[in-house]
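Here is a friendly briefing to read alongside the sequence and the 3D view. Please keep both open as you go through the points below.

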Amino acid sequence: MKIKHLLLGDEAFALGSINAGLSGAYAYPGTPSTEIMEYVQSNPLAKERGIHSHWSSNEKTAMEEALGMSFCGKRCFTSMKHVGLNVAADPFVNSAMTGANGGLIVVAADDPSMHSSQNEQDSRFYADFAMIPTLEPSNQQEAYDMASYGFGLSEKFRIPVLYRLVTRLSHSRAVVEVDDVPADENSNSYPVNPKQWVLMPAMSKIRNRQLIADYEDFVKSSEQSPFNRYEETPRHEMGIIASGIAYNYLKETFNGDVPFPTVKVSQYPLPKKLIKQLYDSCDSILVLEEGQPFIESKLRGLLDVGKKIYGKLSGDVVRDGELTPDEVRLTMAKVAPGISGFKAEEPKKVSDIVVARPPALCQGCGHRDVYGALNEALESYENPKVFGDIGCYTLGFLKPFNAIDTCVDMGASITMAKGAADAGQHPAVAIIGDSTFTHSGMTGLLDAINEDSNITVIISDNLTTGMTGGQDSQGTGKIEDICLGLGAKPGHVRTIDSLPKNHDEMVRLFKEEIDYPGLSVIVSRRECIQTARRHVTSKK
């Protein structure tokens with residue numbers, strides 16, 4: 001018997017995992033993946049079973065923790081946004097060499113159009129590079145179904161599985177039919193060949209050869225997958241390859257009745273036989289995929305020997321930003337005029353319909369007081385530079401503060417300030433949040449401590465992971481102790497409450513530590529206004 005739920009794509013995967021016998025969830029919050037862990041944390045069955053669901057310090061630790069649970073035979077997942085996979089890349093790529101024991105799914109939620117991200121990278125390239133199978137649901141029902149399937153796939157081939165979501169699927173809701181009887185969790189068991197989990201060269205060479213041999217089985221599995229299929233039609237002027245949510249958009253464009261033969265791709269490696277069948281029977285090929293031209297680039301290497309291939313690389317499908325049904329309709333009008341029935345009319349952009357509302361720091365946010373005091377403190381210096389980081393406080397780049405000069409990735413504020421100081425820059429100020437500091441800032445601070453770099457590090461502590469909704473921060477109540485434990489000088493680890501009444505004191509403190517010829521850390525602390533409101537409400 002099935003039960004119907006209205007679920008986000010993130011929630012569908014999370015519930016599918018729980019019902020598939022999940023034992024552990026490991027994650028660091030990052031839009032658009034955050035709701036996966038939050039759903040597990042709030043799910044009654046997960047609480048009853050004691051399923052692990054604590055936030056990790058960063059994506060690398062989350063990946064490694066999940067790998068440890070898999071080693072013990074349990075089913076688990078680790079979830080992150082696409083740029084988080086960069087942080088987890090070392091254990092992710094090496095997990096192809098160790099393999100998996102209990103089912104292990106690595107969820108990467110990509111963010112086309114960069115709604116809340118630094119880039120539009122496509123996580124499928126990581127899996128292809130590592131030779132790891134990939135699942136890419138086209139709708140919320142598949143997001144649910146693929147969880148159980150993915151754990152089974154992982155255990156069948158003893159390999160982690162990458163599970164790719166995109167923003168529009170993660171954050172949209174649909175009715176999903178779910179199992180009413182969840183599966184039991186796995187019992188503890190250990191790898192049949194434990195030597196392959198020790199990545200010393202002698203063992204890795206053997207494992208690498210096995211992985212290459214297994215890859216052909218991954219391809220066969222993809223060709224037989226219930227999520228990949230060839231859909232035949234009488235017309236063969238064009239064939240379409242549509243992956244993930246792009247398949248959903250294609251079906252929507254034609255109200256479910258696509259006039260051309262279509263290969264739906266939701267499991268990778270690419271199903272070669274299905275694609276070859278399509279190529280051989282059609283005059284041209286159109287590739288529709290969300291993100292970068294992953295499939296198209298592979299086709300051009302394999303099949304671009306005469307027939308026209310339309311896609312992102314040819315300029316016929318939008319290359320940056322999200323794919324949408326409107327863009328699919330425009331593409332069909334361009335590549336199949338007179339056949340598709342669509343006119344080549346530019347779709348309306350959101351900016352044509354909705355007035356833009358730039359993001360801004362919340363009223364009552366402590367970061368505002370930090371930037372106000374920092375800007376005033378820096379007025380007396382020639383050419384000061386402030387190196388920013390990833391978090392709510394990145395909005396300090398915008399008006400009215402215009403307070404930071406760089407923002408690259410998690411933790412880069414401290415290391416870039418150090419590099420700038422090495423080049424002779426002064427003042428070189430780094431500003432970083434408490435959660436970002438424990439995510440990726442501690443190692444950079446250790447470098448600066450070891451060289452007593454002439455930088456001032458401001459840790460703007462709002463006692464939470466504010467940008468993603470107020471999740472627990474690993475450093476709450478420990479920031480000063482961490483800095484001292486790393487070796488920062490006690491006299492130059494200073495703390496102040498970032499309140500308006502302390503403005504003059506903050507200005508004085510900033511100037512005092514900027515003038516100090518060495519490393520100094522200032523912890524400016526004030527609870528996030530959003531979590532503070534929740535705490536007040538919960539007490540009523």
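Of the 86 residues in the largest nonpolar core, Ile 240 and Leu 288 touch the most other members. A nonpolar core here is a set of buried Ala, Val, Leu, Ile, Met, Phe, Trp, Tyr and Cys residues joined through side-chain atoms within 4.5 Å. Buried means under 20% relative accessible area, exposed over 50%, and partly exposed in between, with a 1.4 Å probe and protein chains only. This is a predicted model, in which local features need pLDDT of at least 70 and side-chain atom pairs count only at pLDDT 80 or more, while totals for chains, interfaces and linings use all residues. Residues are numbered from 1 along each chain as its sequence is written, and side-chain values use heavy atoms, with hydrogens and water left out.

- Which residues is Leu 288 in contact with, leaving aside its neighbours within four places in sequence? They are Ile 240, Ile 241, Ala 242, Ser 243, Ala 246, Leu 250, Val 317, Leu 323 and Val 328, where contact means heavy atoms within 4.5 Å.

**One face of a helix**

- In helix H12 (residues 272–281), the buried residues are Leu 274, Ile 275, Leu 278 and Tyr 279.
- Seen down the axis of H12, these buried residues fall within an arc of 130°, so they line one face of the helix; the arc is that of the directions from the helix axis to the C-beta atoms.

**Cis peptide bonds**

- Thr 31 and Pro 32 are joined by a cis peptide bond with omega of about 15°, and Pro 32 sits in the loop between strand S2 (22–27) and helix H2 (34–42).
- A cis peptide bond also runs from Lys 399 to Pro 400, with omega near 10°; Pro 400 is in the loop between strand S14 (385–387) and helix H17 (412–422).

- Asn 383 is not a glycine, yet has a positive phi of about 60°.
- The loop between helix H16 (366–378) and S14 holds Asn 383, which counts as partly exposed at 45% relative accessibility.
- Leu 463, a residue other than glycine, has a positive phi near 65°.
- Leu 463 lies in the loop between strand S16 (456–461) and helix H19 (479–486), and its 32% relative accessibility makes Leu 463 partly exposed.

Technical notes:
Helices (H or I, at least four residues) and strands (E, at least two) are DSSP runs, numbered from the N terminus.
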